[in-house]
Amino acid sequence: MYRYVCKTMLRRLFLSKKVSYQARLFSGNFRYLEVLNNENNVAIVTMKRAPVNTLNSELLSEISSVLTNLDETKCSGMVLTSFSDKVFSSGLDFNEMYESRPATIRTLVSTILEVIIKLYGSPFPTVAVITGHAPSGGCVLSLCCEYRIMVQNFQIGLNVVKLGYSTPLSIVQLMVNTIGHRNAELALTSGRLFTTNEALRVGLIDEIAKDRASAFDKANDFLNQFKVIPPIARHFTKQSMRRALLQDVSINGKIYVEDFVSLISRPKVQELIAAYMANMKNKKKNSN
Ligand SMILES: CCCCC/C=C\C/C=C\CC/C=C/CC(=O)SCCNC(=O)CCNC(=O)[C@H](O)C(C)(C)COP(=O)(O)OP(=O)(O)OC[C@H]1O[C@@H](n2cnc3c(N)ncnc32)[C@H](O)[C@@H]1OP(=O)(O)O
């Protein structure tokens, strides 16, 4: 009873201030995400898994829940960003891929697949405000958004070949849809990470911002243009543009996941991941 009264009072308080009750409650419910609604009913979703927003199953599953909820509550738009001014996301968590049981890798991979489907196919407009490096899985998250604004002097790209595994077909397609076939082939086969300036030149991002605040201004400008567009017309047009990839993933998703799990589990790939992790640690030690 006491909990009910408190909840009702909180709800009235939030509604009276015209602040989204749902989104406000969200911010307390997640371990690795903060979700706030702005005055335009745009959800600002901030990843906050310190230090570098490594994408483990828990963070991904939180993103997935938020996406479902934003769809159900008909938000007007979403900005995906990072708490950090250095890293947007460092990609999938090696700790869930290295020396892990296939079931652990499977959970990780199917959860990112779930996020990809929901984010790429979301009815509301989406913007990635990339406040730092966005390698691999970090780049994938931003590619699923409709618009990418990146702060200067960082790197973004899909470096997965360097880890010894091939880029899954649908991820290749995401890249091709964004930067074209030729540029995608060159980038993916070499595992290239682009600087912010290079990323703009090739079309991997849409705008450069000098800092977080200016990136948010640009994100608002992007989202505001949709105020005069009927949402259904916008949504169907987005679906038409994205249908091929979404259909492929919903039909073949399970096969992609299993392929990825068996690829990651190969001893050679495990060795490469171990070497890559050791190299990261060494770099850090030498720079200290
Ligand atoms: C659509 C259908 C799809 C079907 C297929 C299904 C699924 C496929 C899905 C997606 C495909 C996309 C593939 C993704 C694979 C990956 O994402 S693998 C991860 C690749 N990531 C990287 O290569 C980046 C590695 N990290 C860095 O380069 C740097 O950390 C950084 C991001 C540039 C930041 O540097 P900074 O100096 O600030 O920090 P540190 O390097 O000191 O890092 C801090 C701390 O965090 C640890 N760490 C960093 N990254 C990871 C990681 N990815 N996993 C685990 N741990 C990580 C690092 O070791 C440090 O730890 P500490 O020394 O203990 O403090």
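**Reading contacts, core and salt bridges**

Tutor: Contact here means heavy atoms within 4.5 Å. This is a predicted model, in which local features need pLDDT of at least 70 and side-chain atom pairs count only at pLDDT 80 or more, while totals for chains, interfaces and linings use all residues. Residues are numbered from 1 along each chain as its sequence is written, and side-chain values use heavy atoms, with hydrogens and water left out.

Student: Is Thr 81 buried or exposed?

Tutor: Buried means under 20% relative accessible area, exposed over 50%, and partly exposed in between (1.4 Å probe, protein chains only). Thr 81 has a relative accessible area of 1% and is buried. Thr 81 lies in strand β3 (residues 77-82); helices (H or I, at least four residues) and strands (E, at least two) are DSSP runs, numbered from the N terminus.

Student: How many residues has the largest nonpolar core?

Tutor: In soluble globular proteins, nonpolar side chains tend to be buried together. A nonpolar core is a set of buried Ala, Val, Leu, Ile, Met, Phe, Trp, Tyr and Cys residues joined through side-chain atoms within 4.5 Å. The largest one here has 87 residues, and Ile 156, Tyr 165 and Met 175 have the most contacts inside it. Helix α4 (residues 102-120) supplies the largest share of this core, nine residues. Among the residues that Tyr 165 touches are Met 97, Phe 260 and Ile 273.

Student: What is a salt bridge, and which residue does Arg 31 meet in one?

Tutor: A salt bridge is a side-chain nitrogen of Lys or Arg within 4 Å of a carboxyl oxygen of Asp or Glu. By this rule there are nine salt bridges. In one of them, the side chains of Arg 31 and Glu 58 meet at 3.0 Å, N to O. Arg 31 lies in the loop between α2 (21-29) and β1 (33-37) and Glu 58 in helix α3 (residues 57-72), so this pair ties together parts that are 27 residues apart in sequence. Arg 31 is exposed, at 53% relative accessibility, whereas Glu 58 is partly exposed, at 33%.

Student: Which residue does Glu 146 meet in a salt bridge?

Tutor: The side chains of Glu 146 and Lys 238 meet in a salt bridge at 2.4 Å, N to O. Glu 146 is buried, with a relative accessible area of 17%, and Lys 238 is buried at 7%.

Methods: Lists of a residue's contacts leave out its neighbours within four places in sequence.
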